[in-house]
Amino acid sequence: MVLVTTKSCADFIRASFKDKPNTARKYGGLMHKLFKFAISELGLREDNPITQLDLSDYAVKRRTILPTHTQIAAIRAASLIGAKMPPISSGPTFCCLVDMSYLCWQRAIDIRTLKET
């Protein structure tokens, strides 16, 4: 039986994602949820080794380059057709999300979760 420790988790993240801070944070978040499930639902552990993990040096940098008008137009055009080129029903909705994201300088998830109020 192999015991998973905070050190082994840190070593895994640092070895695998040294140059990818966003991916390192995502893996850390996923591992935290998995260990939480192993503790609360399965009763396999008493502690969560990810809780003590310090990922502060994996700061995600903001993008400094915005997409051009041509790139946005290409994304909109591609979103209206499916993989085999027939029009898809969710295309106009996706175009609306692209437009709102571009105009408001927000992520699509932020636009999708806006409340009408």
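Q: Why is D99 called partly exposed?
A: In this predicted model, D99 has a relative accessible area of 26%, and since partly exposed covers the range between the buried limit of under 20% and the exposed limit of over 50%, D99 counts as partly exposed.

Q: How do you know that the side chains of R76 and D99 meet in a salt bridge?
A: The N to O distance between the side chains of R76 and D99 is 2.8 Å, and a salt bridge asks for a side-chain nitrogen of Lys or Arg within 4 Å of a carboxyl oxygen of Asp or Glu, so the pair R76 and D99 meets the rule. R76 lies in helix α3 and D99 in helix α4, so this pair ties together parts that are 23 residues apart in sequence.

Q: Why is the pairing of K7 with D11 called a salt bridge?
A: The closest N and O atoms of K7 and D11 are 2.9 Å apart, and the cut-off is 4 Å, so the name applies. Both residues lie in helix α1, four residues apart, about one turn of the helix.

Q: What makes the pair R14 and D57 a salt bridge, and which parts does the pair tie together?
A: For R14 and D57 the closest N and O atoms are 3.1 Å apart, which is within the 4 Å limit. R14 lies in helix α1 and D57 in the loop between α2 and α3, so the pair ties together parts that are 43 residues apart in sequence.

Q: How do you know that the buried residues of α1 line one face of the helix?
A: In helix α1, which spans residues 6-16, C9, A10 and I13 are buried. Seen down the axis of α1, these buried residues fall within an arc of 100 degrees, so they line one face of the helix. They pack against α2, while K7 and A15 are exposed on the other side of α1.

Q: How do you know that Y102 and H69 make a polar contact?
A: The contact joins the side chains of Y102 and H69 at 3.0 Å, and the limit for a polar contact is 3.5 Å.

Notes: Residues are numbered from 1 along each chain as its sequence is written. This is a predicted model: local features need pLDDT of at least 70, side-chain atom pairs count only at pLDDT 80 or more; totals for chains, interfaces and linings use all residues. Side-chain values use heavy atoms; hydrogens and water are left out. Buried means under 20% relative accessible area, exposed over 50%, partly exposed in between (1.4 Å probe, protein chains only). Helices (H or I, at least four residues) and strands (E, at least two) are DSSP runs, numbered from the N terminus. The arc is that of the directions from the helix axis to the C-beta atoms. Contact means heavy atoms within 4.5 Å. A polar contact is a pair of N or O atoms within 3.5 Å; within protein, one must be able to donate a hydrogen and the other to accept it, and residues adjacent in sequence count only if both atoms are side-chain atoms.
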